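Dear colleague,

I am handing over the structure we spoke about, which you will find just below.

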Amino acid sequence: MEIQEKIKKFIADNILFSENGYPYAVSDSFLEKGVVDSMNIMEIVAFVEDEFSISVDDLEIVPANFDSVKNVTEFVERKTLN
Amino acid sequence: MTPNLVQDFLTSSARIYPHKVCLIAGEKKYTYQQLDRLSNQFAQQLRKSGLKRGDRVAIFLGNVPEQAIIIFGILKAGGVFIVINHTTKQDKLAYILKNSQAHAIIAPANQKEMLLGIMPTLPELKYAILVDEASESRLPFFKFEDFLTQGSPLEPRKQNIDRDLACLIYTSGSTGEPKGVMSDHSNVVFVIQSITTYLENTPDDIILNAVPLSFDYGLYQLLMTISFGGTMILEKGFVYPALIMKKIEEYRVTGFPGVPTMFSLILNMDLNEIDFSSLRYMTNTAAALSRTHIQKIKNTFPNVRFFSMYGLTETKRTLYLPPEDLENKPDSVGIPIPGTEAWVEDEVGNHLEPGQIGELVIRGRHVMRGYWHDEAATNQRYRPGEIPGEKICYSGDLFKMDEDGYFYFIARKDDIIKSRGEKVSPKEVENILYQFTGVQEAAVIGVPDPVLGQAVKAFVVLNQPDINVNDILRYCKNNMEDFMVPKSVVIVAELPKTSSGKIKKTDLI
C-alpha cells in the first residue's frame with residue numbers, strides 16, 4: 001500500500017496540484033480521464049525511478065505499466081521484487 | 001477532374017481505392033469507401049438538421065477517428081469546420097463558439113455539463129453532437145451514432161465553390177484573444193498539393209500521426225493522406241513514445257510528422273530493438289530543432305529524409321528545407337514551398353538584400369483569407385501586394401535570407417511563446433492569472449527548455465498571504481489548455497517596472 005500511496009501523492013501534488021489528494025479511482029485510466037499528458041508520464045517515470053531505485057526501460061513505458069495508479073504500483077512492485 | 005474542393009480528395013480516392021484502408025485508430029479501421037459513405041451520411045443529416053451553406057460547425061474532440069467522418073461530412077454539407085483543442089476550458093470555448101457563431105458542436109459526452117453551462121449564452125448554437133457510447137439523443141444533444149445512422153449515404157448535392165470557406169483555425173495572438181484564420185477551399189487544396197509535392201507522397205505512404213488534429217499540422221496530415229490515397233495511423237497523443245515508435249515497425253510506416261518535443265523524447269530513447277527500415281521521411285515544424293538534435297536524428301535514422309519546416313497558421317506552411325540541404329545549411333528553415341514566394345522586407349516595405357534582417361513576407365495561394373470578423377487584425381497581417389487587390393501575408397517574424405535564397409529565422413516580432421510546438425500568448429495566460437483572487441500582478445515569459453522548446457514561466461505578485469505556488473498551478477490547470485499551463489510559477493514581492501510603470505519583462509529573463 002505504501003507504494004500506491006506514494007504514487008497517488010506524487011500525482012496529486014505535482015501533476016494535479018490537488019487540494020484533496022488523488023481524486024480518481026486507482027484503476028482509472030490516466031489517458032481516458034485526462035489525468036496526464038505526455039510530459040507528465042515522463043515525470044511519473046522519473047519519480048518512480050528515483051523514489052523506488054528502479055530503472056525503467058523505454059519499452060516499458062506502455063499503458064500496461066503506466067496508465068493507472070494501479071498499473072504503476074504493480075509495475076513498481078514487480079521491479080522491486082526483482 | 002482535378003479536385004477543387006477539399007472533400008473532392010475523399011470522393012476521388014474512394015473511387016480509385018474503395019477497399020483500401022485509409023484510417024486506423026486503435027481497434028477502428030475505415031476504408032475509403034466507408035469513410036466516404038459515412039461522411040455523406042453525416043453531411044445529409046447536418047443539412048436535414050438545418051445547416052446552411054457557410055455555417056460553422058465546431059469540432060471539440062481529441063484524436064478520435066470520428067473526426068475524419070465529421071470533417072468531411074461538414075465540408076460535404078457545405079459547412080465550415082472549426083477544430084478546437086480538446087483541453088480548451090469553458091471560457092475560451094464559449095468565446096470561440098460565440099466569435100464563430102457556430103451552428104453546432106461535436107464534443108465528447110463528458111463535456112455535456114460544460115456545454116449545458118454555456119449553451120444558453122450562445123443563441124446561434126443549435127445543438128451538440130456527443131461522441132461517446134454513453135451518450136443519448138435528447139435535444140439539444142444528439143448521440144453521434146444516432147445522428148450518423150439517420151443520414152442517407154448518398155453524396156449531397158454540391159453547393160460550394162472553391163472561394164467558399166473550408167475551415168476556421170483559431171490561433172493565439174499577442175492581444176490574448178484567439179483569432180479564427182479563414183481558409184477557403186482553394187487555399188487548403190493548394191497547400192495540400194504543394195506539401196505533398198515536396199514530400200513526394202504516393203498512395204503507398206503510411207503516415208503515423210500523433211499530432212493533435214486540432215493543430216493545423218496534425219489536421220493537414222489527415223487531409224494530405226486522403227488526397228494521395230495513403231493510410232493514416234492516428235494516435236491519441238504522444239503519451240507512450242515507445243509504443244508509438246513500435247507502430248512504425250508494426251504498420252511499416254513511411255512518414256512521421258513530429259514537433260521538437262517529440263523528437264527530444266525519441267532521441268532520449270533506446271531504439272535499437274525497433275525496425276525503422278520502412279520509414280522514408282520525418283518532418284519537423286512548430287519550432288526549430290537545434291543543430292545537435294538534427295545531427296542525432298541523422299545518426300539514429302540514417303536512411304530517413306528529414307524535412308525541417310516553418311509555417312504559420314495564416315499561410316499554413318511557408319518554408320521547407322529540402323533534406324539534401326540539411327548538411328550544408330543546418331540552421332536554415334529553407335525555401336518557399338512549391339508555387340509560392342517569400343522575401344524579407346524592412347519597416348517601410350523595401351525588399352532587403354541577402355544577409356539583412358527584416359520581416360518575412362509571403363505570397364501565394366496559401367495566403368489565407370484573413371481573420372474571421374476581425375478587420376483590424378486582418379489588415380495588419382494581410383496587406384495589399386503589388387497587384388491591385390492581391391493580399392500578401394506579413395509573418396510577424398524576423399528573418400534573413402542568404403545568397404542562395406534560403407531563409408533563416410531570427411526572432412519573433414511579438415512576444416508569443418512556442419511551447420511543445422504550440423503558440424502561447426503571454427497576455428492570454430496573464431489575463432487568466434489576473435482572474436485568480438489574490439493575484440495582484442502577473443508577468444509571463446518563455447524560457448529555453450531542452451524538451452519543450454520554450455517553457456512558460458509566470459511571475460506573480462500576490463495581495464493575499466495564504467496562497468502558494470500549487471494553488472496557482474492548480475488554478476491554471478483548471479482554467480487553461482494543457483500547453484499553456486506554466487511549467488513554473490515564481491511568487492515575487494514586486495515586478496520590475498519601466499519609468500512609466502509598465503512591467504519590464506526583459507529584466508525577468
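**The sheet in chain B**

In this predicted model, chain B holds an open sheet of eight strands with mixed pairing, in the order β7-β6-β5-β3-β4-β8-β9-β19. Its edge strands are β7 (141–143) and β19 (370–371) of chain B, each of which pairs on one side only. Within the sheet, strand β3 (residues 56–59) of chain B and strand β4 (residues 80–83) of chain B run parallel and are joined by four bridges, and in this pair Ala58(B) stands opposite Ile82(B). Helix α4 (residues 90–100) of chain B packs on the sheet, where it touches β3, β4, β5 (104–108), β8 (165–171) and β9 (179–184) of chain B, and the direction of the helix makes about 160° with that of β3(B).

**Domains of chain B**

Chain B is divided into domain 1 (6–186), domain 2 (238–412) and domain 3 (419–508). The centres of domain 1 and domain 2 of chain B, taken over C-alpha atoms, are separated by 28 Å, and the contact between these two domains takes 13 residues from domain 1 and 11 residues from domain 2. On the side of domain 1 of chain B that touches domain 2, the elements giving two or more residues are α4, β8 and β9 of chain B, and β9(B) gives the most, with six residues. The residues of that side of domain 1 divide into four nonpolar, seven polar and two charged.

**Two residues with positive phi**

Lys316(B), which lies in the loop between β14 (305–310) and β15 (319–321) of chain B, has a positive phi of about 65° although it is not a glycine. Is Lys316(B) buried or exposed? Lys316(B) is buried, because 25 other C-beta atoms lie within 10 Å, where 20 or more are required.

**Confidence**

The mean pLDDT of chain B is 92, and 99% of its residues reach 70 or more. For the complex, the predictor gives an ipTM of 0.77 and a pTM of 0.90.

With best regards

Technical notes
Residues numbered from 1 in each chain as written. Chains lettered and ligands numbered in written order. Predicted model: local features only at pLDDT ≥ 70, side-chain atom pairs only at ≥ 80, totals over all residues. Buried ≥ 20, exposed ≤ 12 C-beta atoms within 10 Å, placed from the backbone. Pairing = 2+ DSSP bridges. Contact = placed C-beta atoms within 7 Å. Axes fitted to C-alpha atoms, helices over the stretch in contact; angles between N-to-C directions. pLDDT = per-residue confidence, 0-100. Domains from an automatic or database assignment. Nonpolar A, V, L, I, M, F, W, Y, C, P; charged D, E, K, R; others polar.
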